[in-house]
Amino acid sequence: MAINTDKNSYTVLFATAMVLIVGALLAFVSSNFKEQITENKRIEKQQNILYALGVNENDETSVEFVSKSIVGQEFKKYITKQYVITGTDAVEDPNAYLIDIKKEEAAAKNPSYKRRLPLFVGEKDGETFYIVPVRGKGLWDAVWGYVAIDNQLVVQGVFFDHAGETPGLGSNIKERFFMDDFKGEHFLDGDTFKGITAAKGNADPKNNDKTDCEVDAIAGATITGDGVSAMLKKDLQLYLPYLKTLKQ
Amino acid sequence: MGLLSKKDAKLITDPLADNNPITIQVLGICSALAITADLKASIVMSIAVMFVLGLGNVVISLMRNIIPSKIRIIVQLIVVATLVIIVDIILKAFAYELSKTLSVFVGLIITNCIIMGRFEAFALANGPWRSFLDGIGNSAGYAFILIIVGFFRELLGSGTLLGIKVLGDPIEKTGVYAYGYENNGFMLLAPMALITLGVIIWVQRSRNKALIEN
């Protein structure tokens, strides 16, 4: 059977059919797997929060989360309280970790909206940590993460992730050498808030100076690094009024 | 007599050397520059392209007689985008961690000119089996170059291979760093990828003079 594929009517027909088939196929696949994907994302969130707290299965250089099968119980065990903060008030909410930071940030553009800020309290080895979620922009797409802070407001662990940073360059923000650098870093200089900057040329590649509010930046990933710095500055500041009440 | 006839085998072996998609056809340069700063990214990208190109070539080849020639480029684009998105969704549901590693490559695969180039130049005119072989062959040729470039860029730029410090520790000054060696940060940037690629093309053409155009 020979079809005249050059006819306009055939072209239009073909295009319509193709769009319908592909559209239906994609909609079917997407809705079919939606539940599993949402569940996977929830598990990932728990894993990420625990990672920032230092609960993970890392060996020397790798980034390993606690396994999927035990993450639920581990999360219950280590994360003792979850708060939703507005200003300096904190209300307990066992599902605070499900708050969508992106939506909250968008809604907060409306000045009458009181932004809900989730905060997780973790207990590990007899110490209390406060885990703050952060979210910002990298070079290509979103970057986000979790920052664990002790009651002296010193960073004790971080986890970063990204949606589409350049592999091998910006994507290195989720590598150990970058994330481990934040451990022990201060984001307050005395009482002034400075955030933490991924800095170039501060002559401190080993990051011996933990009070300078600077970590060593990644070569070839200037904009991603700046994005991480901006994200930390922007989001830690939101929690500052509450965090300051913790510091005795 | 092997598994493949001589003509079919050439579809696999040709793109590895004398008809390499990157160095001879000059396709897929963009991704070769973008993601070769470390070896792992090069390998992941190579495998992903192999999968998409092999499968996509077969699909296009099966449809080759019914695709209207006026809108064939759009049809090709839809086929490859659909394939990649479906694979991405399935990975997200069943192999979430793997999908995290691959997610940044999705956009790069869809817009990879090797894929469009092979659909257009080969799959539209050949049967499914030969198209499949052509897809595998071309993506292998692509992988070969990507891995060479990734190897040198990671080794000279970061002093590591697959994240393992093979040259010693640049901060503690062990290994070769004890003798004053320094990593070349320029290797991590796109211009050096282009220069590395240029060196490969130079080496290849000086070994096989027939490839030089007049």
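Colleague: What makes strand E4 (residues 127–137) of chain A and E5(A) antiparallel partners?

Modeller: Strands E4(A) and E5(A) are joined by 8 bridges and run antiparallel. Strands, like helices, are DSSP runs (E, at least two residues, for strands; H or I, at least four, for helices), numbered from the N terminus. The model is predicted: local features need pLDDT of at least 70, side-chain atom pairs count only at pLDDT 80 or more, and totals for chains, interfaces and linings use all residues. Residues are numbered from 1 along each chain as its sequence is written, while chains are lettered from A and ligands numbered from 1 in the order in which they are written.

Colleague: Which strand pairs with E5(A) over 7 bridges?

Modeller: That strand is E6 (residues 155–162) of chain A, and the pairing is antiparallel. Here A:Ala148 stands opposite A:Gly157 in E6(A). E5(A) and E6(A) form a hairpin with 5 residues between the strands, where A:Leu153 takes a positive phi near 60°.

Colleague: Why is strand E5 (residues 142–149) of chain A called largely enclosed?

Modeller: A residue is buried if 20 or more other C-beta atoms lie within 10 Å of its own, exposed if 12 or fewer, and partly exposed in between, with C-beta atoms placed from the backbone. In E5(A), 7 of the 8 residues are buried, so the strand is largely enclosed by the rest of the structure. Across the 248 residues of chain A, buried residues make up 33%.

Colleague: What makes helix H4 (residues 72–94) and helix H5 (residues 96–110) of chain B roughly antiparallel?

Modeller: Their packing angle is about 165°, with the axes 9 Å apart. Angles over 145 degrees count as roughly antiparallel, under 35 as roughly parallel, 65 to 115 as roughly perpendicular and the rest as oblique; H4(B) is therefore roughly antiparallel to H5(B). Axes are lines fitted to C-alpha atoms, for helices over the stretch in contact, and angles run from 0 to 180 degrees between N-to-C directions. The residues of this contact divide into 10 nonpolar, 2 polar and 2 charged. Ala, Val, Leu, Ile, Met, Phe, Trp, Tyr, Cys and Pro count as nonpolar, Asp, Glu, Lys and Arg as charged, and the others, Gly among them, as polar.

Colleague: Why are helix H3 (residues 39–63) and helix H6 (residues 113–123) of chain B described as roughly parallel?

Modeller: H3(B) and H6(B) pack at an angle of about 30°, with their axes 10 Å apart. By the limits already given, that makes H3(B) roughly parallel to H6(B). Their contact divides into 9 nonpolar, 3 polar and 1 charged.

Colleague: How many residues of chain B are in contact with chain A?

Modeller: 27 residues of chain B are in contact with 30 residues of chain A, two residues being in contact if their C-beta atoms, placed from the backbone, lie within 7 Å. On the side of chain B that touches chain A, the largest share, 9 residues, comes from H4(B). The residues of that side divide into 20 nonpolar, 4 polar and 3 charged.

Key: Two strands pair if DSSP finds at least two bridges between them.
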